[in-house]
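The following report describes selected features of one protein model, moving from a helix to a sheet and then to charged pairs. Please read it alongside the sequence and coordinates.

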Amino acid sequence: MGGIDIGPRDEARGWSAAPTTGELQLEDRSALRRVAGLSTELTDITEVEYRQLRLERVVLVGVWTEGSAASAEASMAELARLAETAGSEVLEALIQRRERPDPATYIGSGKADELRAVVLASGADTVICDGELTPAQLTALEKVVKVKVVDRTALILDIFAQHATSREGKAQVALAQMEYMLPRLRGWGESMSRQAGGRAGSNGGVGLRGPGETKIETDRRRIRERMAKLRREIREMKTARDTMRSRRTSSGIPSVAIVGYTNAGKSSLMNALTGSGVLVQDALFATLDPTTRRAQLDDGREVVFTDTVGFVRHLPTQLVEAFRSTLEEVTGADLLLHVVDGSDSLPAEQIKAVREVITDVIRESGAPAPPELLAVNKIDAMEPVELANLRAQLPDAVFVSAHKDIGIEELRGRIAEVLGGLDVEVSVLLPYTRGDLLARIHADGRIDSTSHEEGGTRVHARVPQALAAALSEYAYAGTAPAAS
């Protein structure tokens with residue numbers, strides 16, 4: 001899944017073999033390499049402690065509190081993939097079995113000393129914890145290991161900051177980072193505890209005296225002001241997104257939101273279904289900005305596919321809140337195409353994590369939950385026995401390989417079948433002046449019968465729900481469109 005497959009199959013369908021937008025984005029992203037050798041030692045910071053993560057050589061540490069050993073190892077393996085995606089080199093990984101994380105140092109004083117020895121022996125400059133640390137835990141652990149400590153949330157936020165490209169995506173990431181950093185704001189030395197204000201000679205004189213705040217209080221106030229501005233900007237961008245979504249809805253064309261775990265192959269599957277050139281990269285959170293493409297199914301029905309941001313276990317709440325306007329693409333869809341990485345060691349855990357986030361978003365929106373179609377991807381990378389077991393566990397799923405073009409036609413058929421089941425039966429008398437509506441019925445619906453009368457064209461058909469709403473005023477004999 002390292003690139004977009006442009007070959008004879010694409011040429012046969014008439015797709016262009018020229019570099020796509022996604023390929024150009026991938027080249028730009030690959031060109032942004034992190035420079036090794038930059039210092040990450042703790043230094044006196046005089047401005048907002050909003051440190052850029054310079055992850056180079058890292059040691060991973062996790063606390064295993066529940067679940068099986070395989071689940072704990074899978075979580076650490078995922079953390080390693082996250083660290084590599086952020087541009088770091090993983091040297092060692094430690095797991096500690098505890099009932100709950102230590103409230104002081106996350107892993108306990110004895111394990112913290114052991115971690116310090118591993119850091120010294122390996123030459124690591126950063127420790128990444130598989131969990132969200134409190135500000136006190138972060139400070140205490142850094143004092144023991146004497147290198148930068150980063151938790152899982154900060155790591156994911158850093159990846160999002162690297163991959164965001166659109167104005168809305170950058171604003172959402174910046175807001176999430178500030179929400180995370182605000183309670184963790186701190187500095188070394190005396191600069192953050194000094195008070196502004198006082199006599200003219202003490203702090204720069206007229207114009208530079210403050211209201212008696214400490215430096216850290218001033219910085220917190222500035223962050224809150226910046227967060228308020230970002231929220232206003234995101235609300236404005238949400239209005240534009242809602243307008244585009246309402247246009248798609250009013251067109252009567254059904255929409256399919258492609259959702260799933262990060263790196264499950266959603267973008268690759270969208271390219272296979274639509275022939276588009278959306279960015280594809282074998283990395284976690286490669287896609288942050290929703291991409292919408294229109295395609296035609298085998299039965300002639302037009303469908304709008306939307307590629308959404310991937311989910312992950314323990315997705316930071318700051319990201320869920322900041323990306324809420326983006327995640328609303330899920331609530332307005334007619335169908336959720338849930339993509340699962342079949343080659344993952346624990347696909348059931350992926351499905352559970354994705355459904356939890358989707359359930360929360362739909363519950364807060366108050367909209368009815370769209371139907372879901374499971375698509376198990378990457379079956380070309382699975383062993384036959386594992387594939388047979390997964391088919392038994394997920395009998396209603398469609399098994400595909402976007403990379404090898406396996407099962408794509410079957411998936412198209414299942415999508416058409418599900419969307420067809422959502423159609424509404426209508427009987428309308430359209431005036432001859434509304435040829436546009438008749439054309440939409442021909443394009444998006446299934447006509448059972450038509451007849452031309454003095455008052456217009458009488459049509460009995462099955463059409464998408466949005467189109468049925470537009471046709472309701474032309475229902476004849478007082479009969480409103482009824483669901484079949």
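The buried residues of helix α7 are E168, G169, A171, Q172, V173, A174, L175, A176, Q177, M178, Y180 and M181, where buried means under 20% relative accessible area, exposed over 50% and partly exposed in between, with a 1.4 Å probe and protein chains only. Because 12 of the 15 residues of α7 are buried, the helix is largely enclosed by the rest of the structure. Helix α7 spans residues 167–181 and reaches 21 Å from its first C-alpha to its last, close to the 21 Å expected at 1.5 Å a residue; the expected span is 1.5 Å times one less than the number of residues. Helices (H or I, at least four residues) and strands (E, at least two) are DSSP runs, numbered from the N terminus.

This is a predicted model, in which local features need pLDDT of at least 70 and side-chain atom pairs count only at pLDDT 80 or more, while totals for chains, interfaces and linings use all residues. Residues are numbered from 1 along each chain as its sequence is written, and side-chain values use heavy atoms, with hydrogens and water left out.

**Sheet and covering helix**

An open sheet of 6 strands has the order β6-β7-β5-β8-β9-β10, and its pairing is mixed; two strands pair if DSSP finds at least two bridges between them. The edge strands are β6 (291–296) and β10 (398–399), each of which pairs on one side only. Strands β9 and β10 run parallel and are joined by 2 bridges, and V376 stands opposite F399 in β10. Helix α14 (residues 408–421) lies across β5 (255–260), β6, β7 (302–307), β8, β9 and β10, running at about 150° to β8. Contact here means heavy atoms within 4.5 Å, and axes are lines fitted to C-alpha atoms, for helices over the stretch in contact, with angles from 0 to 180 degrees between N-to-C directions.

**Salt bridges**

A salt bridge is a side-chain nitrogen of Lys or Arg within 4 Å of a carboxyl oxygen of Asp or Glu, and by this rule the count comes to 16.

| Pair | N to O distance | Relative accessibility |
|---|---|---|
| R57 and E89 | 3.7 Å | R57 32%, E89 43% |
| D102 and R98 | 3.6 Å | D102 16%, R98 24% |
| K378 and D341 | 3.5 Å | K378 14%, D341 9% |

The side chains of R57 and E89 meet in a salt bridge. That pair links distant parts of the chain, with R57 in strand β1 (residues 57–64) and E89 in strand β2 (residues 89–97), 32 residues apart. R57 counts as partly exposed, and E89 is likewise partly exposed.

K378 lies in the loop between β9 (372–377) and α13 (384–393) and D341 in strand β8 (residues 335–341), so the pair ties together parts that are 37 residues apart in sequence. K378 counts as buried, and so does D341. Elsewhere, E78, D130 and R152 are linked in a network of salt bridges.

**Annotated positions**

An unreviewed UniProt entry places the feature "binding site" at S267 and T287; UniProt positions are given in the numbering used here, feature names are shortened, and annotations may be inferred rather than shown by experiment. S267 lies in helix α9 (residues 266–274) and is buried, with a relative accessible area of 8%.
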